[in-house]
Amino acid sequence: MVKKEKHDMLHVLDFPYNGETLAKYILGDGKITQNRHHFVRNHGGVPDIDPDCFELEIGGLVNIPVRIPLRDLKDPAKFPGTRRREQIEEYPGDGDELINAPWGEGAIGTAVYRGVPLKKVIKIACGGKLPECSHFEFIGADTYFKKKEVYNYAVSVPWRKVRNNEEVLLAWEMNGEPLPRIHGAPLRVVVAGYIGARSCKWVYRINGLSEPSFGPVQRQEYLYYNQQIGKHNVYISNGFSIQAMPVSSAIMSPKTKDTIIHDGKIEFKGWAYSGNGNWVERVEVSPDGGHIWYAVAPEDMTEKYYYAWRLWKIEVPVDAEGWLEFCVRTWDSSNNTEPTYVRSAWNWDLHVTSSAHRIKIFSVNRSKPATAKRLKQLEELNEPFLPITKPLEFTIQKFEDYEAEYKKYPREPLE
Ligand SMILES: Nc1nc2c(c(=O)[nH]1)N[C@H]1C(S)=C(S)[C@@H](COP(=O)(O)O)O[C@H]1N2
Ligand SMILES: [Mo]
């Protein structure tokens, strides 16, 4: 079922289904990722819920516990002012707690969601929250296994976040289409600027709580650990909970291990993002692994917006040939940037890797006369350039030329 809906993806795990957006669509779809290309993150199966019978339950520390049919939630007369607005979902992840869901740089997307702010529903339907209520818990209809126990997916966000008007949305539409089943139909939460894990899909119950949810996803996963923590002294009490997304970016083109034949300049393209209401101010690419940094020109970035990524491109001067390492880092509106190396901010749990993204490429600089000549020779002999490890059938330097050079600069001292 899933692979039919999401066939053109980088499938990272079959069950629970997890898939990344392909690089060509991150760059090709532009500012908004199309639904059929948008990355998918699941911890369990995909529930099948009939939207006509669906009711959202809200309970716990609210004045009036309620059950709201979906059609009432969608009714602007009941929750006035509901309108389309940009809400951004954002979830980079290089690494994950599931050893077999090896997330790369494609676990990110930007979509426009339509729904109703949770704040409004609590106010209008529940007559507000009780004074001791300071968190809202979201429970999804899917189940997953953790350490031999079965749970519903449950996470929470602080009331302070909900109170920020439209930053926590109950959404039923994605990019102008009904919310696809794989993305949480009939109803999901979208928490702008927070890690994706808080944006509960298939949400059927919301509880007001005095402290964060005890769901294992909230308490035991998505933690940031001290560098010294290893497999055998990892106490979950040592990790702090990741809520807002840090600043992060990635090079999507070229790809690591690519061979690039160029004329002294290489073009790089990618995405950059920052969470928590910060926006991307500057993107920089380094041609030497993180000492020299070239800044992307403002006109080569898509516009800045709260909770939205910026796509960027830059041409970097490259003289050297052979294997070179390039990396990207981003600065946001609070002057946050990314650790230069993954080891300088290592998280044992592998969640939310946000160090400068690195790629290695094999540079072939055609602006060097010898390289140009060799490329021409290959062309004339109708020999492909790749793979670079291929032995060549001909010598590049004629013996006479070698001898002439040798006479000019002998190898050994003359006497
Ligand atoms: N009910 C439920 N909600 C969930 C999850 C889940 O497994 N079950 N995964 C979360 C995680 S970790 C992420 S990154 C996002 C992914 O949303 P998407 O699949 O629509 O891209 O959903 C979140 N909401
Ligand atoms: Mo996630």
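1. Area of the interface. The size of an interface is often given as the accessible area lost when the parts come together. Between domain 1 and domain 2 the buried area is about 2,300 Å², and carbon and sulfur atoms give 65% of this area. Buried area here is the accessible area (1.4 Å probe) that two parts lose on being put together, summed over both.

2. Salt bridge. How many salt bridges are counted between domain 1 and domain 2? The count is one. A salt bridge requires a side-chain nitrogen of Lys or Arg within 4 Å of a carboxyl oxygen of Asp or Glu. The side chains of E303 and K31 meet in a salt bridge, with 3.1 Å from N to O.

3. Conventions. Residues are numbered from 1 along each chain as its sequence is written, chains are lettered from A and ligands numbered from 1 in the order in which they are written, and side-chain values use heavy atoms, with hydrogens and water left out. As the model is predicted, local features need pLDDT of at least 70 and side-chain atom pairs count only at pLDDT 80 or more, while totals for chains, interfaces and linings use all residues.

4. Three strands, in the order 14-16-19, form an open sheet with antiparallel pairing. Strands (E, at least two residues) are DSSP runs, numbered from the N terminus, and two strands pair if DSSP finds at least two bridges between them. Strand 14 (248–253) and strand 19 (310–317) are the edge strands, each pairing on one side only. From one strand to the next, the twist averages 35°; the axes are lines fitted to C-alpha atoms, and angles run from 0 to 180 degrees between N-to-C directions. Strand 16 (residues 265–273) pairs with strand 19 in the antiparallel sense over eight bridges. G270 has W312 in strand 19 as its bridge partner.

5. Cis peptide bonds. The bond from F15 to P16 is cis, with omega near -10°. P16 is in the loop between strand 1 (10–13) and strand 2 (18–20). A cis peptide bond also joins A185 and P186, with omega about 10°. P186 sits in the loop between strand 9 (177–178) and strand 10 (188–191).

6. Positive phi values. W202 is not a glycine, yet its phi is positive, about 45°. W202 lies in the loop between strand 10 and strand 11 (203–209). Is W202 buried or exposed? With a relative accessible area of 2%, W202 is buried, the cut-offs being under 20% for buried, over 50% for exposed and partly exposed in between (1.4 Å probe, protein chains only). Y307, also not a glycine, has a positive phi of about 65°. Y307 is found in the loop between strand 18 (294–295) and strand 19, and counts as buried at 7% relative accessibility.

7. N347. This residue lies in the loop between strand 20 (322–332) and strand 21 (357–365). N347 is buried, with a relative accessible area of 4%. Which residues does N347 contact, leaving aside its neighbours within four places in sequence? They are L223, Y224 and Y225. N347 and Y224 are 123 residues apart along the chain, but their C-alpha atoms are separated by 5.8 Å.

Definitions and conventions: Helix = DSSP H or I, 4+ residues; strand = E, 2+ residues; numbered from the N terminus. Contact = heavy atoms within 4.5 Å.
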